[in-house]
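Please walk me through this structure, from its charged pairs to its nonpolar cores.

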Amino acid sequence: MASNPNVPPPGQNNPRRTMSGRFVSNSRDDHDQSMDMTGDVSADFPYTVHIPPTPDNQPMSEPNTPRDAYGNPVWSKEEYPNGAADANATGEPTSPSQTKKRRPLTRKVSIAAGIIYSYRVLALLRLVVLAFFLTWRVKNPNRDAMWLWGMSVVCELWFAFSWILDQLPKLCPVNRLTDLAVLKDKFEKPTPENPRGRPDLPGVDVFVSSADPEKEPPLITANTILSILAADYPVEKLACYLSDDGGALLSFESLAEAASFARAWVPFCRKHAIEPRNPDTYFLIRGDPTKGKVRTDFVKDRRRVKREYDELKVRINGLTDSIRRRSDAYNAHEEIRAKRHQIESGADPSIPLNVPKATWMADGTHWPGTWVIPGKEHSKGDHAGIIQVMLAPPSCDPVMGSNDLEENLIDTTDIDVRLPMLVYVSREKRPGYDHNKKAGAMNALVRTSAVMSNGPFILNLDCDHYIFNSLAMREAMCFMMDRGGDRICYVQFPQRFEGVDPNDRYANRNTVFFDINMRALDGLQGPVYVGTGCCFRRIALYGFDPPRGGHKKLKKKAALLAQMANDEDEFESRGLLPKQYGQSKIFVASIPVAEFAGRPLAEPGIPHGRPAGALTGPREPLDAATVAEAINVISCYYEDKTEWGGRVGWIYGSVTEDVVTGFRMHNRGWKSIYCVTKRDAFRGTAPINLTDRLHQVLRWATGSVEIFFSRNNAIFANSHMKFLQRVAYLNVGVYPFTSIFLIVYCFLPALSLFSGQFIVQNLNVTFLVYLLVISVCLCLLAILEVKWSGITLEEWWRNEQFWVIGGTSAHLAAVLQGLLKVMAGVDISFTLTSKSGAEDMDDEFADLYVVKWTALMIPPITIMIVNLIAIAVAISRTIYAVLPQWSKLLGGVFFSLWVLSHMYPFAKGLMGRRGRTPTIVYVWSGMLAIVISLLWVTISPPEDSTGVATGGFRP
């Protein structure tokens, strides 16, 4: 490849370099044109718009070669009081003669035998009792109400099947612990192979995905970026990429502001061991901020950084107005120039001018992405690709700060002031191409990062999920670098949420899923991928199979890739690689480098590991040709006729691309790990409003229905996937269909009360004993789950309640959507129809009380009203009956109250804030008044001449 950085390599999509150093792909019509920006606009307008300086992609003399992982440590001298290292500490000093290489980085902690064996026995007992109970139900029909009996038996059979799918994968839960001290000894201490003690850890590329700054506030994204830049991981081994899929200038300039503030925030965090390293969260923490701080200048430093952060927030909040005013000024200037040119050329001045309303950057150039007022080739679905290196790659040696307070905000003497590489990426979008939403954006980042940094591991985060534990990436590396780590495709961390109401009314924390189901899957082949907080092995995303019986097959394929990347004729003659990965030779050449860098160290038991000290060398700097190639691999046509989205990268074709991507990896034989740290690794936000929560569940359930009707159904899994893992994935695709039977079963108590019949002929002892044993087993299983998972009974009960709420609303809608899409090709969606905003903005949980009407609320409301009316009707009829049947009344009322108790959070959400009476209450009151009047007429009808009632219910 040409070494001249100012000339893009041949075969590129003619990327051009802007005045500020950004590389963008040209549009269809401007390959041979350039913008005329020679006028001095600032001379005509008496104000200046400032944007924090960002390092250019400066030309380098080094040739363009595949990028290796970076490395250098920033290890706090203080102890890590809340991490897993403390949990693993033995308290015994390490003998100098002990072989460090033999010490494991992780260990598996089994659940206490008394708990887990009791749990399995109870599960087996409940299964046996269910089998006997269902057999008895089938053999003892209710002859007086066969329709009622038939519906109940069918529902109970499905519930038993669904419970088995959910219960079987829970039989082998495990806990895991890491030893961060051993990780440091192995990879960051001087050894004969690494005499200078440079970090030998592999590189990590962190992906942050964002799509719309209006829905995802830029300040939240900036805080996530800052928590990544301040993470406790070797600086030159870390690279952060922000994917702005909307191509908005607001996101770009917010990132530039965050990069500028990072020069003060990151050294402050390193100097004082700040946790968490999200500035917004840190400065809002209640309590004494000086607790545990020993440096005398902490208070002064904190005050200065806090003031700087407040100014950052004001600047970011004002960016929208700043961009608008700047663009209006530049557009007005362009109109004046166009008008002057029209007059000078002798054209008719009455002809209206066609000057586009462009969005302008601070350097006086058109923003190549999406304009505020969309224009041709500048809209959300039609804009150029953009790459800007906000923070250049750091050197491999520490750079200590100084006590010059004029240059630095705080005294950084003896503090490493280097910052990780930070890159803004917005992939090219054009009409006529399927861009595949988030999955397509993630795949674009995979290719871009491979060309620019090529970290062998990838951590992906949503823009609202920040690093709460600065050692989180080290925790993941303990698993990846341990014995057997080369067979791990990803390490999934649990999602933890902030801003959820204390009672967690709608089970927003999902603790049952993250602390029970995911721990249990960790004892099988590994947890499912949940979309964020996951550290991937890069080559697992490339469609590689895990090493089986050694690395011979993996090494052979990697060697072939390297040979073909270096031999142009070989690359062109074989169509396999271009078909798999595309036409970029630089990208293909990066694959064997990433495979090698991701191996554990060679030691006894790891015959195919990499030698110690292999990753301690300096990385090559970026040059213009590398960035131009990165632009090429994010073009909208790059994936044409390749396996991206099919076998390679994030998988396309589902709104839950995360689950499908994890399924494909497990289906190839990879394992995954669930890493639960004592201090939460990541934290994010969750919707606390009822309607928002229902729509979130709807999206998940819709994805599950799509999985069920696709080739990603676990039924079609191959022999590489373990049986119980396959059962777990089968449950992922099946669980939304339970809503059909659940909604029928929720109406059965009301139908029983209305008809005077019950699901069984009589409430005899056999039925009651079965019911008692099944219920007791369920309660005991719940207690044991709470015991080994660490959640509370209240959280378990909230999950049960919302399972019924979601099952009768969002899950049912998802099944309807899926069936219509598969059978009729009709794609429908449920959206908000009206919204009442929260008035009390000072209340942290004000959004909890907002009532947003949606069609998803109709089934649960109907269930509640029908059951309430049925109870009133049945009680009235039984009281006035000549031969009251109290047993059937009690049975029907009991099951109706069971349904209503699960619906209580839903009903409370409809009522809004306490003390207010929404309109729906008056509607219900009127309906109930009419119903009660009709009931009275039915209960006490007029009598005929014989004294016999002519209508109404008869006993």
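Arg496, Glu498, Asp515, Arg519, Asp680 and Arg683 are linked in a network of salt bridges, a salt bridge being a side-chain nitrogen of Lys or Arg within 4 Å of a carboxyl oxygen of Asp or Glu. The model is a predicted one, in which local features need pLDDT of at least 70 and side-chain atom pairs count only at pLDDT 80 or more, while totals for chains, interfaces and linings use all residues. Residues are numbered from 1 along each chain as its sequence is written, and side-chain values use heavy atoms, with hydrogens and water left out.

The structure holds 42 salt bridges. One of them joins Arg679 to Glu275, with the closest N and O atoms 3.7 Å apart. This pair links distant parts of the chain, 404 residues apart: Arg679 sits in the loop between β14 (671-674) and β15 (682-685), and Glu275 in the loop between α7 (249-272) and α8 (279-284). Helices (H or I, at least four residues) and strands (E, at least two) are DSSP runs, numbered from the N terminus. Arg679 counts as buried because its relative accessibility is 13%, whereas Glu275, at 24%, is partly exposed. The cut-offs are under 20% relative accessible area for buried, over 50% for exposed, and partly exposed in between (1.4 Å probe, protein chains only).

Other salt bridges lie within a helix. Lys313 and Asp310 meet at 3.8 Å, N to O; both belong to helix α9 (residues 298-317) and are three residues apart, about one turn of the helix. Lys313 has 23% relative accessibility and so counts as partly exposed; Asp310, at 28%, also counts as partly exposed. In helix α10 (residues 319-344), Arg325 and Asp321 are four residues apart, again about one turn, and their closest N and O atoms are 3.1 Å apart. Arg325 is partly exposed at 40%, and Asp321 is partly exposed at 36%.

The protein chain as a whole has 30 helices and 17 strands. Of its 955 residues, 55% are buried. Among contacts (heavy atoms within 4.5 Å) with a separation of 6 or more, 80% are between residues 24 or more positions apart.

Next come the nonpolar cores, each a set of buried Ala, Val, Leu, Ile, Met, Phe, Trp, Tyr and Cys residues joined through side-chain atoms within 4.5 Å. The largest has 148 residues, of which Tyr241, Ile387, Met452, Phe536, Tyr542, Tyr581 and Phe587 touch the most other members. Helix α3 (residues 113-139) gives the most to this core, with 10 residues. Apart from it lies another core, of 80 residues, including Ile228, Cys240, Tyr309 and Trp360.

Phe536 also belongs to strand β13 (residues 534-537), which is covered on both faces: Cys534 and Phe536 on one side, and Cys535 and Arg537 on the other, are all buried. Strands count as paired if DSSP finds at least two bridges between them. Strand β9 (residues 457-462) pairs with β13 in the antiparallel sense over four bridges, and Phe457 has Arg537 as its bridge partner. Strand β11 (residues 488-492) also runs antiparallel to β13, joined by three bridges, with Tyr490 partnered by Phe536. Leaving aside neighbours within four places in sequence, the contacts of Phe536 include Phe457, Tyr490, Leu541, Trp650 and Met665.
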